[in-house]
Amino acid sequence: MTDQRDFDLIIAGAGPAGAALAYRMAAGGASVLLLEKQEAPARDRNWVVDVEEGCFSRANIPFPTKDSLWKKPREHFLATSDMQTMIEIERVPLVSVKNDLYIREVLNRAVNAGITLMCGREACSPILNRDCVVGLESRDSSGAKEKIYARIVADCTGINAALRTRTPDHWRMNESIEPEDIVFARREVRSVRKDLLSEEMICKPYRDGVRIDRSGARGPYSIESVFLDLKDLFVDILVGAKPDAGGKRTCAEMIDTIIDKMPFTGEVLYGGEGPIPIRSPHNCPVGNGIISIGDSAFQTVPIHGSGFASAVIAAEIAARNIIHALEIKRYDRKALWTYVSEFARGRGALIAYYDVIRRSVDKMRLSDIDRMIRAGIIGQRETVTGLSVRPFPVSPVYLAGKIIRGYRHFPLLVRFGIAGVRAKMEYEKYRKYPKYYE
Ligand SMILES: Cc1cc2nc3c(=O)[nH]c(=O)nc-3n(C[C@H](O)[C@H](O)[C@H](O)COP(=O)(O)OP(=O)(O)OC[C@H]3O[C@@H](n4cnc5c(N)ncnc54)[C@H](O)[C@@H]3O)c2cc1C
């Protein structure tokens, strides 16, 4: 009997995960259909993302062009919530990218290499045949439904995980996200009105070319970051807060509070918002004929909610695994497990590590975080380590340095140490993730 399936792979969702997977698959010569529910790719996803420098080469995707790269600040500071203490962060290992423009750059290349992109079509649910996903049911903007068949389906639909959450219970992959594991973020680039600008209006500590990350602006897990650029006349603002700190409304309010202090701020030039999953990675993001990548598999770094690098790195691992599965004509969970184990042992271990740190920070008071920054328990080295997504160094010299700086805040230092040890244990557990599916 011949296999009459329409495609080798259907990818649902054209965010960083879906675009990177399509690009990598196109290079492998498979027949690929990419479905995006928005009428145009990356519509409403126009925020700037700060991405680890090395992730483009690791994921085998093109480096952003001049058009999609965003300006870097000249100086970068970490501040306490009262802004009284500022620590300069040097050698910030990030590239800033215009998310939607970059996604379109990658998609254009994937389409030119032969994948089919269909926008305005939503993936609704997987189609099952004998305990295996064999395609998906989709719907266009008029509500017309269509069934499309493929050997493998990839869920890259972001936090809602439209397909993964509709798989059978006994596959143990349909877990939904708990509300306490979600953070809302909003990033806006606003114009600076030259006609309203004067020296007196620029209130300290904001300065030209400087980015200030104020930690704990709305409770322990929250961030407020402001980058003022008077040469190109913009202010770039990022805010993030957990729903229990007011959720989505808080983000808009947080931005209002910042721009109230900057009366020279004009219209929004570029910006958007959305929810981000912050928790340990999904432990079983594959089933028979289905694979889940990016936010849909909780692959963001929980301490700061960055998910771009994880999504594209996961897509690269998944692409290699899918190409192999197509070669050997095996699409079951066992055949797709290489993706799970390779991700869990590498990037997944780091995500699990930072989830332990995140849960420890969640339990702290804002004043504790401020004290840790003031005492140097959290400083340049910890910030750069967290942004590079590496485990904290634990050499005797490092620990001695922390004790000398933080002995006056001994209980905090102990909590910091315990969180570090627990995080390392979790990391080691993931490093031994089962190589083969039992
Ligand atoms: C304001 C904000 C700022 C952020 N800043 C950073 C940052 O600085 N650095 C960083 O690394 N990360 C950042 N993130 C997180 C990052 O954007 C996400 O982790 C990343 O986009 C996840 O990629 P993804 O492809 O898994 O999912 P998404 O980007 O969510 O893409 C999912 C895609 O699937 C489509 N879709 C959804 N449902 C369906 C369906 N049923 N059928 C078809 N298509 C569907 C969506 O329209 C979307 O295009 C930020 C997030 C926000 C909201």
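Tutor: Here is a quick tour, topic by topic. This is a predicted model: local features need pLDDT of at least 70, side-chain atom pairs count only at pLDDT 80 or more, and totals for chains, interfaces and linings use all residues. Residues are numbered from 1 along each chain as its sequence is written.

Student: Which domains is the protein chain divided into?

Tutor: Domain 1 (7–68 + 99–177 + 279–353), domain 2 (182–277) and domain 3 (355–431). The bounds come from an automatic or database domain assignment.

Student: How many residues does the contact take from domain 1 and from domain 2?

Tutor: It takes 13 residues from domain 1 and 13 residues from domain 2. Two residues are in contact if their C-beta atoms, placed from the backbone, lie within 7 Å. By class, the domain 1 side that touches domain 2 has five nonpolar, four polar and four charged residues. Ala, Val, Leu, Ile, Met, Phe, Trp, Tyr, Cys and Pro count as nonpolar, Asp, Glu, Lys and Arg as charged, and the others, Gly among them, as polar.

Student: And how far apart are the C-alpha centres of domain 1 and domain 2?

Tutor: They lie 31 Å apart.

Student: Now the ligand. Which residues come nearest?

Tutor: Gly13, Gly15, Gly158, Gly294 and Gly307, out of 40 residues around the ligand. A residue is near a molecule or strand if its C-beta atom, placed from the backbone, lies within 6 Å of it.

Student: Which elements give two or more residues to that shell?

Tutor: Among them are α1 (16–27), β2 (32–36), β3 (48–52) and α5 (308–328). Helices (H or I, at least four residues) and strands (E, at least two) are DSSP runs, numbered from the N terminus.

Student: Which one gives the most?

Tutor: β15, with four residues. Domain 1 and domain 2 each supply at least three residues to the shell.

Student: What classes of residue are in the shell?

Tutor: It has 16 nonpolar, 15 polar and nine charged residues.

Student: Next topic, the largest nonpolar core. How many residues has it?

Tutor: It has 120 residues. Such a core is a set of buried Ala, Val, Leu, Ile, Met, Phe, Trp, Tyr and Cys residues joined through C-beta atoms within 7 Å. A residue is buried if 20 or more other C-beta atoms lie within 10 Å of its own, exposed if 12 or fewer, and partly exposed in between; C-beta atoms are placed from the backbone.

Student: Which residues have the most contacts inside the core?

Tutor: Leu21 and Ala22. Helix α6 (residues 333–362) gives the largest share of this core, 15 residues.

Student: What is alanine 22 in contact with?

Tutor: Ile11, Val32, Leu34, Leu107, Ala110 and Ile115, leaving aside neighbours within four places in sequence.

Student: Where is isoleucine 293 found?

Tutor: In the loop between β17 and α5. Isoleucine 293 counts as buried because it has 34 C-beta neighbours inside 10 Å.

Student: What about glutamine 299, buried or exposed?

Tutor: Buried, because glutamine 299 has 26 C-beta neighbours inside 10 Å. Its place is in the loop between β17 (290–292) and α5. Leaving aside neighbours within four places in sequence, its contacts include Gly294, Gly307 and Ile351.

Student: Let's do strands. How many bridges join β12 to β13?

Tutor: Six, and strand β12 (residues 210–215) runs antiparallel to β13. Isoleucine 212 stands opposite valine 226 in β13.

Student: And how many for β13 and β14?

Tutor: Eight bridges, again in the antiparallel sense, with β14 covering residues 234–241. Two strands pair if DSSP finds at least two bridges between them. Here valine 226 stands opposite isoleucine 237 in β14.

Student: How many residues of strand β13 are buried?

Tutor: Six of its eight residues, so β13 (residues 222–229) is mostly covered.

Student: What is phi of leucine 233?

Tutor: Near 55°, a positive value in a residue other than glycine. Leucine 233 is in the loop between β13 and β14. Leucine 233 is partly exposed, because 16 other C-beta atoms lie within 10 Å.

Student: And aspartate 44, where does that lie?

Tutor: In the loop between β2 and β3. Aspartate 44 also has a positive phi, of about 65°, although it is not a glycine. Aspartate 44 counts as exposed, because it has 11 C-beta neighbours inside 10 Å.
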